[in-house]
Structure formats: C-alpha cells, structure tokens
Amino acid sequence: MTKTITDVICPFCGTLCDDVEVIVSDDGKKLLEVNNACVIGTEKFLHSQAKDRVTRPRMHQEDGSWKEVSYDEAVEYTAQMLAKARKPLMYGWSSTNCEAQSVGNEIAELSRACCDNTAAVCHGTTLIALQDEGLPSCTLGEVKNRADRVIFWGCNPAHAHPRHMSRYSIFPRGFFTGKGQMSRKLIVVDPRTTDTAKMADIHLQVEQGRDYELLNALRVALRGEWLPDEVAGISAEKIREAADILKSGRFGIIFFGMGVTQSISKNHNIDEAIALTKDLNEHTKFSIMPMRGHYNVTGSGEVFAWQFGFPYAVDLTRGFARYNPGDTSSIDLLTRGEIDAMFTIGSDPGAHFPISAVKPIANLPSVCIDPHLTPTSGVSKLHVPVAFNGVETGGNCYRMDNVPIDCRKVVEPPEGMLTDEQFLTKVRDRLKELKGVA
Amino acid sequence: MMETVTITMKNLPALYLEADNISPDVFAGKTAEQIAGLDVFEGNTTQTLGKYFEVTGKAGATAADTKIVVKGDVKKVKYLGFKMTAGEMLIEESADLYVGAWMKGGKITAKKNVAAFAGLAMKGGELNIEGDAGNYLGTAYRGDWRGMSGGKIHVKGNAGSDIGMYMKGGEIVIDGNIDVHPMTHAEGGRLVVKGNAKSKIGGQSLQGDIIIFGDIEVMMPGFKPVDTVELEIDGKKAKFSHFIGDMGERHKKKKGQVMYMNLYKKL
C-alpha cells in the first residue's frame with residue numbers, strides 16, 4: 001500500500017507551488033512518485049531517494065580522497081574554524097528554511113562574520129534598487145485575479161519558473177480575468193527569442209545591454225516627450241505603442257529576472273523599472289516583482305533584514321551590522337582576498353561564482369553544508385550532508401511575492417541524518433562554549 | 001604652524017585594514033607614540049596602528065596644522081582620510097576603498113590610484129587623484145539619496161562607473177575617460193570629463209551640469225537636443241551641443257522656470 005500526501009510545497013524555485021501531490025511508501029520512508037510539480041521540482045523530490053547519496057560528513061584528505069567523520073567531529077571542525085577566523089564568510093542560505101537561517105545569524109553574530117545569500121549573484125541588485133526607490137508590489141494571487149498587462153523583462157519563466165505562467169501570470173482564469181490568456185496582453189523584453197517571448201503579444205527585442213535606455217524611453221513616452229527615432233534597436237513608434245498598451249490596462253505587472261539584474265547597469269535597470277512602475281500608477285494600477293530563483297532566497301533576505309537590518313551582504317566584523325555591496329559582498333570579499341574562512345550552506349557558489357572567486361575557497365578552511373554533491377562540496381575541506389529541506393523536514397519559506405509558506409515533511413531522511421537547523425544548533429552551542437558565552 | 005606626521009607601512013596585514021583613524025582630525029595634538037597606539041581593525045580584531053606602520057614626526061595642535069604623509073604599500077588599507085575636516089594628506093602609493101569618504105575639508109593628494117568609493121558623500125575640501133579612480137567616486141552611501149554636496153575632486157587618470165550618483169553639489173573633473181552611469185539621480189553639481197564617456201550618462205538626473213569633451217558611445221533617450229552654446233572651461237572657449245534631461249523624470253520649477261540637467265558635448 002502507498003500513501004498520497006496532498007498540498008505539498010515544492011522546494012525548488014521562488015514560485016513555491018503549493019499543490020504538489022507526493023506518493024510515499026506505507027512506512028513513510030520511501031518517496032515513490034510526484035504529481036503536479038514541474039520537471040525540475042519532481043527531480044528535486046526524487047533526488048532525495050538517490051542510491052548514491054552521501055549520508056555522513058566527510059573531510060577532504062591531503063591526497064584528495066574523502067574520509068567519513070561523525071556529525072560531532074563536523075560540528076567541532078566548523079565551530080573551531082569560525083572561532084579562530086578573523087573574517088569568516090557565511091554564504092548561501094537560500095535553500096534552507098527560515099528557522100535554520102535564524103540560528104545561522106546567531107552563529108554569525110558570535111563569530112563576527114560576513115553573511116551573504118545567493119542574492120549576491122541574483123537579485124541583490126534588486127535589493128539595492130528597492131532601497132533607493134521603494135517597491136510598489138503585490139501578491140501573485142492579485143496577479144492571477146487582476147492582471148491584464150503582464151511584462152516579462154529579462155526573464156524566461158517557460159524554463160526557469162515552469163509553472164509560474166500557468167498558475168499566476170498568463171493562463172489562469174481569475175476573478176477579474178475570466179478569459180485567462182485572452183484577457184491578458186503579454187509583453188516580453190528579451191534580446192533572445194525565448195520560449196516565453198514566442199508567446200508574447202509584443203516581443204521587444206532589445207539590444208543586449210540597452211535595457212536601461214529602453215526603460216528610460218518608455219518613461220519619456222509616458223510623458224509625451226521627444227524621443228530619438230530608435231532606442232536600443234526598437235523604433236520610437238513601437239515604444240510609444242507599448243507605452244499605450246501599458247497605460248490602457250486595468251492592472252499591470254512587471255516581472256523581471258537575471259537578464260536585467262546581472263547585465264550592465266544592474267541596480268540602475270531595476271531602479272528605472274521601479275520608476276516606470278511608479279509613473280504608470282499615474283494612469284492605472286501597476287506593480288513590479290522580481291522573479292526570485294531559489295525557493296527561500298526571499299526568506300533569507302527577510303531574516304537578514306529582520307535580524308541585522310539589511311537583506312544581504314552584511315558585515316558584522318566590527319560588532320555591528322554594515323552593508324555596502326562592492327565592499328561587503330561575497331564575490332568582492334573572495335576575489336579581493338578579504339576573508340580567511342568560508343562557510344557555505346544551501347547554495348553552490350562553486351558553480352555560480354566566477355572562477356577567481358571559487359579558487360580562494362579551495363585554499364581556505366571551508367565547510368559546505370549541502371545534501372547534494374556540488375562543485376562547492378568538492379572544493380571544501382569539510383562536506384556536511386543534511387536532510388532535504390521541504391522534503392525530509394518542514395520549515396518556513398518565503399515565496400517571491402514575500403508571502404511566507406510553511407514547507408512540509410513528506411518522507412523520513414536516511415537514518416541518523418541531521419537537518420540544517422539541528423546541525424547549526426550544535427555548531428552554535430559549541431561556538432558559545434569556545435567563546436565563553438553562556 | 002604646519003607639522004608633518006609620516007606613517008610608513010612596515011608589516012603588511014594578512015587581511016585588510018580598516019584605518020578610519022588615519023586623518024588629521026584624529027592625529028591632531030598627538031605625538032608619534034600616541035598615534036602608533038591608535039586603533040586599526042583587521043577583520044574582527046582590534047590592533048594598533050603601530051603594529052603595521054612606522055610613525056615619525058608629530059602632529060600639529062589642530063587638524064588644520066597637521067599634514068600626514070602615507071608611505072609604503074597601502075593597497076590593503078581602507079578609509080584613509082575618513083571624515084577629515086582640515087589639514088593635508090599625501091598618499092604616495094595606491095590606496096584601497098573609501099579614500100576621503102565623508103570628507104568635509106582639507107586636502108588629500110593621492111599620487112597613484114585609489115579604489116572604489118573615494119570621496120563618498122563628500123561635503124567639502126579637495127581630493128586630487130593623480131592616477132586612476134575606481135567606481136563610485138563622489139557618490140552617495142548605499143541607500144542614501146544625498147550624494148556629494150560640496151568640494152572638488154580632480155582625477156588625472158580615468159575613473160570607473162557610477163561616479164557622482166545622487167550628487168547635489170561640488171565639482172568632479174576627470175582628465176581621462178569614464179565608465180557607464182555618471183551622475184545617475186544627480187540633483188546638482190558639475191562633472192567635467194576631458195576624455196570619453198560610454199553610456200547611461202545622467203540617467204534619472206534632475207539638475208546639474210555634465211560637460212564631455214570626448215565621445216559618447218550611446219546617448220540616453222531622455223536627453224533632448226536644444227541648442228549649441230559656447231562655454232569657457234579652464235580659460236579656453238569651445239562650442240558644445242546642449243541637451244537637457246532626463247525627460248523621463250518630473251522636474252522642479254525654480255522662479256517659474258523648469259530646471260533640467262544640462263549635458264554639453266563638445267562639437
């Protein structure tokens with residue numbers, strides 16, 4: 001016999017789909033089948049069942065081989081490393097729950113570390129812009145029920161957030177959007193003809209790196225001012241047409257992704273996009289929302305901001321929280337050689353950082369806490385596998401629209417494995433002993 | 001009477017030093033020994049300045065009477081001339097982040113390059129950089145909407161991106177070339193670039209002057225050509241095409257006249 005668990009939350013992307021069905025064995029130890037989730041989400045669930053999964057911490061040996069160690073030894077190495085370091089970097093946090101993040105922040109405070117999350121290579125620039133401009137946003141439910149003008153700018157949900165379009169942004173029939181796709185006008189801004197762009201009513205094929213100019217031109221068009229004949233490879237006529245379509249809607253939303261946050265202009269692109277959203281609110285109701293990647297990167301920003309006052313790139317080395325991306329952000333810290341220990345949890349800088357920032361990790365005392373084998377676990381001195389958050393343990397996560405959703409445990413982790421929170425709590429308690437704090 | 005303190009790097013830090021005490025204001029009235037005992041920060045540890053620097057000479061009675069000469073490798077030293085209000089500082093080698101940050105008065109001369117965030121939120125004084133400057137020269141601190149509001153920055157080499165962001169007053173002169181995004185969100189002040197500029201010039205700016213002698217790769221669509229003017233700069237007259245912007249922004253009126261950012265590009 002098998003059991004079917006309904007309303008399971010998918011711990012893959014920032015869409016945090018909450019309608020997944022999981023079929024488990026009668027004893028709750030094996031995960032057999034996943035329904036409703038996208039291909040990536042399904043893989044995430046099924047990967048917890050991999051036969052070659054590492055279930056105990058391992059230390060990298062001099063000759064490059066791995067030696068299995070106990071969780072207690074792993075706790076000792078991690079606590080000693082953080083206690084000795086003069087400027088440790090604690091990076092990641094986006095694929096674990098808010099409870100673990102909060103314990104992590106206690107550790108960061110005790111060891112006066114730099115803390116950062118994956119926004120550093122993702123929507124960190126968005127966070128800079130929203131500090132400068134504010135963020136007129138809404139929930140995904142409002143998008144589903146109200147939005148009749150949808151813009152995807154520099155993002156490709158067809159591949160990166162596969163169920164976003166069917167659940168919220170294009171196809172669903174909502175309260176005021178009864179005709180589904182027919183009641184929405186879709187504008188996609190992308191230099192490439194992506195699968196999302198193929199569905200668009202208007203595809204603005206912007207010249208690469210000219211998003212800032214195009215956003216500016218849309219604002220100029222809204223004010224009815226002079227425009228050059230062509231901006232970013234798009235005719236003034238087409239820009240004015242797009243501006244009119246945006247103005248004529250009842251409720252509009254701009255979704256944006258890496259294409260604007262990590263290309264030239266970075267935070268300025270988002271700054272201008274938020275300003276465009278504000279301008280559009282003089283004509284109709286408009287909102288803007290970042291397409292957050294990891295399922296709980298938003299939560300990490302929330303927990304950092306709640307406990308330290310800043311959403312990422314926090315530097316606690318002087319005993320108080322400081323924040324200045326460029327100085328306190330992970331890639332800068334690593335490439336400039338500012339840190340002397342690396343702690344990674346719930347993310348994979350080895351795969352996502354430039355190689356000049358990955359090389360230093362291999363030369364530093366380093367810990368990688370991750371259920372998977374990743375390029376980061378490969379270069380770290382200690383790899384601590386943990387239970388899959390959202391599959392083998394629950395916990396709080398934040399969706400891309402800042403709505404908190406509790407993840408669910410659906411299956412037991414392999415025997416004797418700790419969760420992120422359990423491991424971090426042990427590290428925190430040992431660190432307190434080492435630092436002489438009660 | 002002007003007195004000179006010379007600090008020379010003798011033991012390089014393993015990590016980076018936060019040396020926000022190296023300024024005429026803090027040094028004033030102190031002997032070499034007292035100066036060597038000042039705090040500097042390496043990571044999460046507090047050390048003395050004398051651990052890394054050899055200190056000779058003595059400071060004047062006030063900041064205005066104090067000159068600091070910084071010798072040796074300071075590529076890993078941040079915050080030189082932090083919040084200084086008077087006096088002088090000469091930095092002989094390339095320095096790291098935040099040179100002259102929040103500076104209010106006095107004069108800093110950097111003989112070589114400075115890294116990012118130099119002259120951050122500067123209010124007054126003079127910052128001369130004889131090499132290149134990094135990104136974020138003379139901008140606001142993160143999240144602040146009040147950038148550089150007074151004083152003068154002169155860079156003999158090139159400067160990076162995002163210079164003069166949220167600028168409100170003062171002047172930045174770059175003899176070489178600049179990267180993208182000068183004077184974003186500016187509400188005043190003046191930027192003179194003798195070399196070339198790339199793109200995103202004056203985006204979202206409200207007021208001020210940008211004068212570019214070299215080429216502009218791509219103009220912002222929000223800048224509208226208005227006329228041709230003759231300007232006199234450094235005693236030389238030249239003709240410039242005049243643009244106003246950013247037309248995407250809402251602009252204030254002063255004495256019945258709408259105020260714009262003026263962009264002058266040499267013909």
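1. Two residues are taken to be in contact if their C-beta atoms, placed from the backbone, lie within 7 Å. The structure is a predicted model, in which local features need pLDDT of at least 70 and side-chain atom pairs count only at pLDDT 80 or more, while totals for chains, interfaces and linings use all residues. Residues are numbered from 1 along each chain as its sequence is written, and chains are lettered from A and ligands numbered from 1 in the order in which they are written.

2. The helix pair of chain A comes next. Helices (H or I, at least four residues) and strands (E, at least two) are DSSP runs numbered from the N terminus. In helix 3 of chain A, the residues A:E99, A:A100, A:V103, A:G104, A:E106, A:I107, A:L110 and A:S111 meet A:D420, A:E421, A:L424, A:T425, A:V427, A:R428, A:L431, A:K432 and A:K435 of helix 17 of chain A. By class, this contact has seven nonpolar, three polar and seven charged residues; Ala, Val, Leu, Ile, Met, Phe, Trp, Tyr, Cys and Pro count as nonpolar, Asp, Glu, Lys and Arg as charged, and the others, Gly among them, as polar.

3. As to geometry, helix 3 (residues 98–111) and helix 17 (residues 420–435) of chain A pack at an angle of about 20°, their axes 9 Å apart. Axes are lines fitted to C-alpha atoms, for helices over the stretch in contact, and angles run from 0 to 180 degrees between N-to-C directions. Helix 3 and helix 17 of chain A are therefore roughly parallel to each other (angles under 35 degrees count as such). Helix 3 of chain A passes helix 17 of chain A in a left-handed crossing, that is, the near helix is turned anticlockwise from the far one by less than a right angle.

4. Chain A is divided into domain 1 (2–47), domain 2 (58–120 + 295–435) and domain 3 (124–290), with bounds from an automatic or database domain assignment. The centres of domain 1 and domain 2 of chain A, taken over C-alpha atoms, are separated by 25 Å. Their contact takes 17 residues from domain 1 of chain A and 15 residues from domain 2 of chain A. On the domain 1 side, strand 1 (2–8) and strand 2 (20–25) of chain A are the elements that give two or more residues; the residues of that side divide into eleven nonpolar, three polar and three charged.

5. An open sheet of chain A has five strands in the order 10-9-8-13-14, with parallel pairing; two strands pair if DSSP finds at least two bridges between them. Strand 10 (202–204) and strand 14 (285–290) of chain A stand at the edges with a single partner strand each, so one side of each is left without a neighbour in the sheet. Neighbouring strands of this sheet are turned by 15° against each other on average, direction ignored. Three bridges join strand 9 (residues 185–189) of chain A to strand 10 of chain A, and A:V188 has A:H203 as its bridge partner in strand 10 of chain A.

6. The interface between the chains involves 33 residues of chain A and 26 residues of chain B. Helix 4 (124–133), helix 8 (211–222) and helix 11 (267–280) of chain A each supply at least two residues of the chain A side, and helix 8 of chain A gives the most, with six residues. By class, the chain A side has twelve nonpolar, seven polar and 14 charged residues.

Note on methods. Parallel < 35°, antiparallel > 145°, perpendicular 65-115°, else oblique.
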